[in-house]
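Colleague: Could you take me through this model, with the cut-offs behind each term?

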Amino acid sequence: MGRVIRGQRKGPGGIFKAHTTTRKGAAKLRRLDYAERHGYIRGVVKDIIHDPGRGAPLAVVQFRDPYRYKLRHENFIATEGMYTGQFVYCGKKATLNVGNCAPLGTLPEGTVVCNIEGKAGDRGALARASGNHAIVVSQNPDAGKTRVKLPSGSKKVLCNTSRAVIGIVAGGGRIDKPLLKAGRAYHKYKVKRNCWPRVRGVAMNPVEHPHGGGNHQHIGKPSTVRRNTPAGRKVGLIAARRTGRLRGSRKEKDRE
């Protein structure tokens with residue numbers, strides 16, 4: 001019987017938990033309230049800050065509480081072109097300007113958006129990484145649905161009351177510059193989680209990995225494994241639909 005492999009040890013957490021101690025807080029939209037459902041509410045960008053472990057900057061937006069005499073600060077994912085002192089408007093009647101937050105149903109087709117809610121009121125789930133954006137493809141007001149093209153290229157039908165921020169996420173082009181040296185990779189992943197450096201399975205001993213051992217570094221068996229493989233054997237290409245290089249040009253099928 002072999003050792004408990006790395007994939008099994010990652011399950012319970014332990015040393016593999018995310019390093020969250022220096023982070024600035026969850027990046028979310030405002031809690032959905034009456035003001036956003038029926039009109040709009042104005043906020044002001046107080047600061048644009050770096051969040052350790054996140055490629056995109058955060059914008060600290062200050063709103064006046066509609067029910068109590070106090071100020072509320074929200075961490076929005078900053079969009080490209082956002083600046084301190086900028087007024088941002090959130091709600092159904094917000095104008096079509098970069099940085100504003102509005103329901104998908106109010107946006108014209110072709111609008112570039114980011115930080116989209118997967119379900120109305122979840123405060124942002126899709127297209128949140130630096131430089132990412134989605135595009136409103138089509139509207140279906142009768143069914144209350146909006147079709148959106150995500151950064152992956154796939155199209156998703158969402159409820160038209162789900163909110164989105166207009167514009168693209170700031171911090172784009174981050175991966176264009178190569179890391180070049182191990183020290184930069186070390187610091188990049190140090191603030192994220194324990195996932196670097198990653199030792200290849202074929203470089204291990206047979207006791208530590210199903211691909212380990214042998215007189216040359218080779219897998220020696222198919223790298224594809226089935227979905228219900230036991231945890232200690234579940235490495236490689238898990239439940240792969242296809243393997244190998246992508247050959248030929250992929251035709252985009254835009255099914256309505």
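Modeller: S162 sits in the loop that joins β9 (155-159) to β10 (163-166), where strands are DSSP runs of E with at least two residues, helices are runs of H or I with at least four, and both are numbered from the N terminus. This is a predicted model, in which local features need pLDDT of at least 70 and side-chain atom pairs pLDDT 80 or more, while totals for chains, interfaces and linings use all residues. Residues are numbered from 1 along each chain as its sequence is written, and side-chain values use heavy atoms, with hydrogens and water left out.

Colleague: Is S162 buried or exposed?

Modeller: Buried means under 20% relative accessible area, exposed over 50%, and partly exposed in between, with a 1.4 Å probe and protein chains only. S162 counts as buried because its relative accessible area is 0%.

Colleague: Which residue has its backbone nitrogen 3.5 Å from a polar atom of the side chain of S162?

Modeller: Leaving aside neighbours within four places in sequence, S162 is in contact (heavy atoms within 4.5 Å) with residues including E117, G118 and K119. The backbone nitrogen lying 3.5 Å from a polar atom of the S162 side chain belongs to A120.

Colleague: What is the relative accessible area of G124?

Modeller: G124 is placed in the loop between β6 (112-114) and β7 (134-140), and, not counting residues up to four places away in sequence, G124 touches L29, N115, I116 and E117. G124 is classed as buried because its relative accessible area is 15%.

Key:
Polar contact = N/O pair within 3.5 Å; in protein donor to acceptor, adjacent residues only side chain to side chain.
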